[in-house]
Amino acid sequence: AGGTSCGACPASTYSSSPGASACSMCAAGTSSLALGATSAAVCLSCAAGTFSSASGSTVCQGCAAGSFSSAAGGTSCSACPVSTYSSSPGASACSMCAAGTSSLALGATSSATCNPTQTSPFKMSMQFAGVVSDADAERVRAVMVGVLGVLDWQVELLGVTVQNATRRAAPHPAVAL
């Protein structure tokens, strides 16, 4: 977080002012090994599947198995949502359970958590009032598909009706609810 006057800035810092008494740190979500940098351009975004949570990082860390970071410049990783898994570290996406299977496990690290989906001949309709978060929508999808095995369902969120007439809802993060 700081150099001395006329000294070179250490890794993951830079100073665009010659002779400055302090260096600026690269932002979270970036890293740099460059010494004596004179521009923030040396701060490179962490690749998808990696992250740096703090300013001044010299390296980006890979997401742990069971988690992912889908965009460059990540400052954290997200747990794989229900009916997905990631068995390798550094994932930029989670793999979906095979057709006809689902899982309620968050952060699953293996397809072994995917079990045959039970089917149900009945239809279900639900309505929610107020703002519904992505996490809430994911929980509803998990119950509808994974627990109840409902094939035909309809959910109204924020006045928009969404239906699913298959065993599997859309993969996260584009949750179909």
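# Disulfides along a predicted chain

Let's start with one cysteine. Cys 60 is partly exposed, with a relative accessible area of 24%. Keep that residue in mind. We will come back to its partner.

A word on what you are looking at. This is a predicted model. The protein chain has a mean pLDDT of 77, and 63% of its residues reach 70 or more. Which element has the highest mean pLDDT, and which the lowest? Strand E5 has the highest, at 97. Strand E13, residues 120-127, has the lowest, at 47. Then there is the start of the chain. Residues 1-5 have pLDDT below 50, and this stretch makes 13 contacts beyond near neighbours in sequence. Residues 165-177 also stay under 50. For them the model has 36 contacts beyond four places in sequence.

Now the disulfides. A disulfide is a covalent bond between the sulfur atoms of two cysteines. How many does the structure hold? There are 6. How are the bonded cysteines paired? Number them in sequence order, and the pairing reads 1-2, 3-4, 5-6, 7-8, 9-10, 11-12. I will take three of these links in turn.

Start with Cys 9 and Cys 23. Their sulfur atoms sit 2.1 Å apart. The angle about the S-S bond is -90 degrees, and the link is left-handed. Where do the two ends lie? Cys 9 is in the segment before strand E1, residues 13-14. Cys 23 is in the loop between E1 and strand E2, residues 24-25. So the pair ties together parts that are 14 residues apart in sequence. Are these cysteines buried or exposed? Cys 9 is buried, at 5% relative accessible area. Cys 23 counts as buried too, at 10%.

Back to Cys 60. Its disulfide partner is Cys 46, with an S to S distance of 2.0 Å. The torsion about their S-S bond is about -80 degrees, so this disulfide is left-handed. The pair links distant parts of the chain, 14 residues apart. Cys 46 is in the loop between strand E4, residues 44-45, and strand E5, residues 50-51. Cys 60 is in the loop between E5 and strand E6, residues 61-62. Cys 46 is buried, with a relative accessible area of 1%. Cys 60, at 24%, is partly exposed. Why the two labels?

Next, Cys 80 and Cys 94. A disulfide joins them, S to S 2.0 Å. The torsion is about -80 degrees, so the bond is left-handed. This pair also links distant parts of the chain, 14 residues apart. Cys 80 is in the loop between strand E8, residues 78-79, and strand E9, residues 84-85. Cys 94 is in the loop between E9 and strand E10, residues 95-96. Cys 80 counts as buried, at 0% relative accessibility. Cys 94 is buried as well, at 18%.

Find Ser 32, in the loop between strand E3, residues 30-31, and E4. Buried or exposed? Ser 32 is buried, with a relative accessible area of 5%. What does Ser 32 touch, leaving aside neighbours within four places in sequence? Ser 32 is in contact with Ala 11, Ser 12, Cys 26, Val 42, Cys 43, Ser 57 and Thr 58. Find those residues on the structure and see where they sit around Ser 32.

Note on methods
Residues are numbered from 1 along each chain as its sequence is written. This is a predicted model: local features need pLDDT of at least 70, side-chain atom pairs count only at pLDDT 80 or more; totals for chains, interfaces and linings use all residues. Side-chain values use heavy atoms; hydrogens and water are left out. A disulfide is a pair of cysteine sulfur atoms within 2.5 Å. Helices (H or I, at least four residues) and strands (E, at least two) are DSSP runs, numbered from the N terminus. Buried means under 20% relative accessible area, exposed over 50%, partly exposed in between (1.4 Å probe, protein chains only). pLDDT is the predictor's confidence in each residue, from 0 to 100. Contact means heavy atoms within 4.5 Å.
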